Every structure is written in structure tokens, then in C-alpha cells.
Amino acid sequence: MGSSVETLEFQAETRQLLRLVIHSIYSNKDIFLRELISNASDALDKLRMESLTETGLGVDTSDLHIALEVDAEARTLTVRDNGIGMSRDELVELIGTIAKSGTAVLLQKIKEAEDAAAAQSLIGQFGVGFYSAFMVADKVTLRTRRAGTEAGTQWESDGEGTYEIQAVEGLPVGTSVTLHLKPADTEDGLADYLAGWKIRQIVKQYSDFIRWPIRMAAAPTAGGEPGAPDADAASATEFETLNSMKALWARPRSEVTEAEYGEFYRQISHDPHDPAETIHMRAEGTFEYEALLFVPSQAPFDLFSRESKRGVQLYVKRVFIMDDCDALMPNYLRFVKGVVDAHDLSLNVSREILQHDRQIRSVRRRLVKKVLGALKDVQRSDAERYASLWSQFGRALKEGLLEDGDNVEALLELLSVDSTHDREKTTTLREYVERMKDGQDAIYYLTGETRATVENSPHMEAFTAKGYEVLILTDPVDEVWTDQVPSFDGHRLQSIAKGQVDLDEQAADGDEDAEAEKARRDAEYAALLPWLTAALSDHVKQVRLSSRLTTSAACIVGDAQDMTPTLEKMYRAMGQQMPPVKRILELNPTHPLVTALRAAHEANADDPALSEVAELVYGSALLAEGGDLPDPARFTRLLTERLTRAL
Ligand code: ADP
Ligand code: MG
């Protein structure tokens, strides 16, 4: 053709960036295709926009698409689009230099970075886009013709320091990028990018929702010699479209049907059921994004396993970036599935950068509020459906009480727990508060391993007798959050197995008769209690009189800051070393066993039988709350001897 070839040098920064890209910044080399397809898609968007506003462009926009072409013999992969294209000047400007502001500063920082990981996290802030082609190719040839112009340009480089530019005639409008592939090398993460299955897999993973069709010639020689020239295939080439293009989240809500949402949910979640809730939102302004989130109707089997993943995928302008985007959804909402498409992020953004990004954090806050709001709506409108959702995800939501300080009140509103009020139904805290007795100053609860042990625990006695409602909390996580959440709606949360409880005092504050009665009892037991405290000092830190018992002789309680026995057990089960927690033994001063013990102690404080009875009282109290005896064999022997003597 006689057109002159011009050799130009890459701008210094570009050269440095190229070196970084080629020399293994990215462990995942597959992403080069995502980058080239994303550029092609942008070019198609631009042509479409321009054809709408500019008349006389003279291009056919009826079949805008991206084509992937494999030439096995030449070992090339070409990404072709019929988009806007570039003029010669644009080409030099856009591909030969790094126009983005701040790149030089970035490169400086990368050079100063301590290690490869730090460098990688820095480069994640910038797209390397087109240059990623050099990860897999040792030569790249780009041919392009700007829409509305006649002249075509070819750009070619081995990525080393220079590139060649020359005019080419007869090019169609658009751009083709031809990669002369390096040999496949699995050790170096270089797959066989000539293989149809590999190309399909990458497109499906990263570019499935690109809005333009991505076509590839159907495999010409299925089962034949790879790389063998195939003469008849060329005459009857059939194209397959590799991507689904169905980015539901990018469409207005009003244009998407329930069935489409359901199908999309099933596709991304691999859950055969319909979602319970669908949240579709769009945020405009400085940081644009679309979110399409689903609350499943059933919890995944691995919701509580350590490997359980968060279900939110991150896209940038329809290009898949990552699964399990922990920066967008807190751990306790890991059951939420869906997609967030943020428009203004780099395709190479890393998890680390996302974690620290202010805007991403505000997106996350907003998404969490949306999810909790959607759950609240179900709670308000459909008790049955809510009960089912709670049974699936309630335990995970309770973790939020520990993780998500900002939403504790909202999460407490969502709680649905067993209570002594109604055996058949759970209650919310709000409902509990509405039923509280006059003068009741706390929300009472008791934790334990099963509903039965909690209900039959001696701690319940006075509360049941006096008609106070007690919440029954039996999830392991209940032991933990109740320790950390002080109150709901201004009402203290109070374990009935902790601290001093004086329901009489509460009901009749300042009642002189009651106070006189209490003083009399304290005097009666003034000798026994210190003696018992000493006798049981291996097991408890104090023995005192109780006002929470009506029928049992004794129970064991903790100080407000003491760990509950169930929690202690959980920590031990997790392998944590800790000293045994000593609690407090409370005695029922009107129980015949306790009065008899007092009389026996008054008669002969040195009687060896006394300390055995003390041990039996302590052991029985432990058993009554569902606890484990420190020495079951000894307990059984003492009890058997006592019974034998009594008969
Ligand atoms: P980015 O896409 O983030 O801008 P790239 O390195 O991927 O960075 O691309 C640089 C620029 O080159 C693009 O912004 C675009 O202007 C131009 N470009 C790349 N590929 C194409 C293409 N297929 N058609 C038209 N222009 C392109
Ligand atoms: Mg790009």
C-alpha cells in the first residue's frame, strides 16, 4: 500500500505501567478479555450515543456487536467491535500515553511500595485496561477506523518500549484488537486462550451481562484435530452468542416481571426456589449504582459454617468484578443474594480498596438499611411469612446485634423470641414492653440450652408466681448478645439468673412490713450463711438468701458481669482456657430443707453431715438449671447414703 510506518515511543509512565502489568501484577490473567470486551462495549455505547445526536455519521448501527475470532494456525485471538473507533490522533493519545491524571503519582507510590501485595493493592485503584492484553500476548495489533471518517489506522507493539503506527485503507468502522498469544503455560497462569471452552467460560463469568451481543464462530471442527485448517467451515460459519445480556438490575423496576426476577435469582443463587423478598434500587448522583438484592426463602445449608460466603456480587458497568463482596454486605446478612453494579469504580478494584472506600461504605450502609427495612415490612404485614423468614435467618440476624452497632435498635425490633406469655407463639420485644406490669422496670429473660430447662429452672419460680413475663432464649448466640445489648427502647434487659432480684421490693417499694420481715430473716441466717460460704468455697463465691424462689430450696445465680454457664461451656468447647466461673448460691429461707439445715447448724456447727448436705443442696441447684455436676459419682454416693438413712 506504500503507507509509511511510524515508530513512536511510549510515554515514560506508560512504559513503567506496561512493565508492571506484564510482570505478574495479576495472578489472574483471564481478565484481559474482560478488559477488551469492556472497551468494545464502551465503544458501541459511544457510537450509539453519537448516532442519535449527530446526523450524517453515515454508519449502520442496526447490528452493533462484539465478535471474538480465533485463528488457531496463526495463534491469534481477535476482539472486534463495530463501535466508535479511534482516529490516528486519538489512538496515539489514548493508547500510547496514559492520559489519566494521577497516574504518575500512582506509579511513584508503586515504586515506593514495600512489597508486591502493596503494589497490587495500589494498582487496583487504576484500570490498566488495554495494556492487560500484554499479559497474554507478545504482540498486539490494533486496527481502527473512527466513525464518520475514511482513514483507518493500525497500531502494533510488542509492549517493550515502542509502537508502530501506519495508515490502513479499507477498514470497517470500529476496532479490532488482535492478540498474538504467548504459548499456554499453566504454571504462569496462561491458559489456552484459543480454546472455545475457555473463551466461553471467561465471557460467561465476567461479561455475561454486557448489553451488546458477544459472538463467536461456532467451533468448526468439533472433535477434529485442533488447529487443523478447515476449509468448509469458512463457507458456512455459524455464530453463537456467548452472553445472556440480561442485566435485570439495569432495567427500571416497572419493566421487570416477578417471573424474571425469580429466574434471575435462581441463576445467581443456584437455589431452585423463589426468593422471599426482592429489593431493586438505583442510586443517582455522585456515586451511581444499581442494586438488585434477594432474601431467599430458605437458608442455605452452610449458613453457619465458617466457609459460608456472602452472596453479593460486584459489577462495574455490567462487567463482573467479584463474588462474595464482603465490603457490600456485613457478615450477618450473608444470606442476602444479589448484584451491585457501581458505575464509577475501576475494573481492577481490589477487596482491600473496597473495604476502605468511603463511598462503598455508604453504599453498604444504605443496602443494610434496605434489607432490614424489607424484613420489617414483612413483619408488619404478614405474620406467617415473617415467622418462616425468622426461622430461617433469625439466628444470623442476632449476630448483627454484636456486629452492627448502627442497627441494634432495628435488629431488636426484628427479634422474635419464645416467652412465658404464650407457649404457642413467639413475641417481639415491642409486644413484651406493651404487656409489662405497672412499675416493672426491666425486660426479664433467661438463657439456657433448651426451652424445657429454662422453663423449669428454679430462677423462674418467683416470676411465674408473681405473673412477670420472662423471655426464653435458647440460641447459643443469645448468650452473647444479651451480654452486650443493655436495653431496648429505654428498658433494661435483665437476666433473671443474674444479680439481685427483689420482685417484692419492686411491687411495694418502701413497704415497712416487708423490710422488717427481711431484717428478721437476715438475723436468723446470720450464722449459717458465712459457714456455708466457707464450706462451699470451692464451688461458689457467696451463699445468700433468695427472693426469687417459691418451691425450690436453692438456685445458683451470677453477678451481673458473670458469664452464664452455657456461655462458659461454649468457650470451653471452642478450646478456650479459663478459670472456672464461681457464682452465687441462693437459698429459699422458707423451704423446710433450708430451715432444717439452719436448725441443725445451730444445734451443732461441727456435725460432719452438715457439709455433705450443703454439697447436695448445691448439686441439686446445679442440676435444676440444667448444669453439669463437678463430681457426679460423689454426688450420687452422698445422695444414696442420705436416702438410705432416711428410710
Ligand atoms: P479505560 O477503558 O479505563 O479508559 P483502557 O486502557 O481500557 O482504559 O482504554 C483506554 C482508552 O482507549 C479508552 O478510554 C478508549 O478511549 C480507547 N479505546 C480502547 N479500546 C477501544 C475500542 N475498542 N474502541 C474505541 N476506543 C477504545
Ligand atoms: Mg477499559
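## Burial and surface

Of the 647 residues in the protein chain, 47% are buried. Buried means under 20% relative accessible area, exposed over 50%, and partly exposed in between, with a 1.4 Å probe and protein chains only. This is a predicted model: local features need pLDDT of at least 70, side-chain atom pairs count only at pLDDT 80 or more, and totals for chains, interfaces and linings use all residues. Residues are numbered from 1 along each chain as its sequence is written, chains are lettered from A and ligands numbered from 1 in the order in which they are written, and side-chain values use heavy atoms, leaving out hydrogens and water.

The protein chain exposes about 31,700 Å². Carbon and sulfur atoms supply 49% of that area. Accessible areas come from the Shrake-Rupley method with a 1.4 Å probe; for residues, only the protein chains shown count as cover.

## Overall fold

The protein chain has 23 helices and 22 strands. These are DSSP runs numbered from the N terminus: helices are H or I with at least four residues, strands E with at least two. The radius of gyration is 36 Å, well over the 26 Å from the globule rule for 647 residues, so the chain is more spread out than a compact globule. That radius is taken over C-alpha atoms, and the rule is 2.2 Å times the number of residues to the power 0.38. The C-alpha atoms fill a box of roughly 125 × 50 × 50 Å along the principal axes.

Take contacts (heavy atoms within 4.5 Å) between residues at least 6 apart in sequence: 73% join residues at least 24 apart.

## Aromatic pairs

There are 22 aromatic pairs. Rings of Phe, Tyr and Trp (its six-membered ring) pair if their centres lie within 6.5 Å; planes under 30 degrees apart count as stacked, over 60 as edge-to-face and the rest as tilted. The ring centres of Phe130 and Trp155 are 5.4 Å apart with planes at 75°, so this pair is edge-to-face. Phe130 sits in the loop between helix 5 (116-123) and strand 4 (137-145), and Trp155 in strand 5 (residues 152-157), 25 residues apart. Phe130 is buried at 8% relative accessible area. Trp155 is buried at 0%.

Ring pairs also build a cluster, whose members include Tyr206, Trp249 and Phe320.

## An exposed proline

Pro580 lies in the loop between helix 20 (565-573) and strand 22 (583-587). Its relative accessibility is 65%, so Pro580 counts as exposed. Leaving aside residues up to four places away in sequence, Pro580 touches Glu568 and Arg572. Pro565 is 15 residues from Pro580 in sequence and 9.6 Å away in space, C-alpha to C-alpha.
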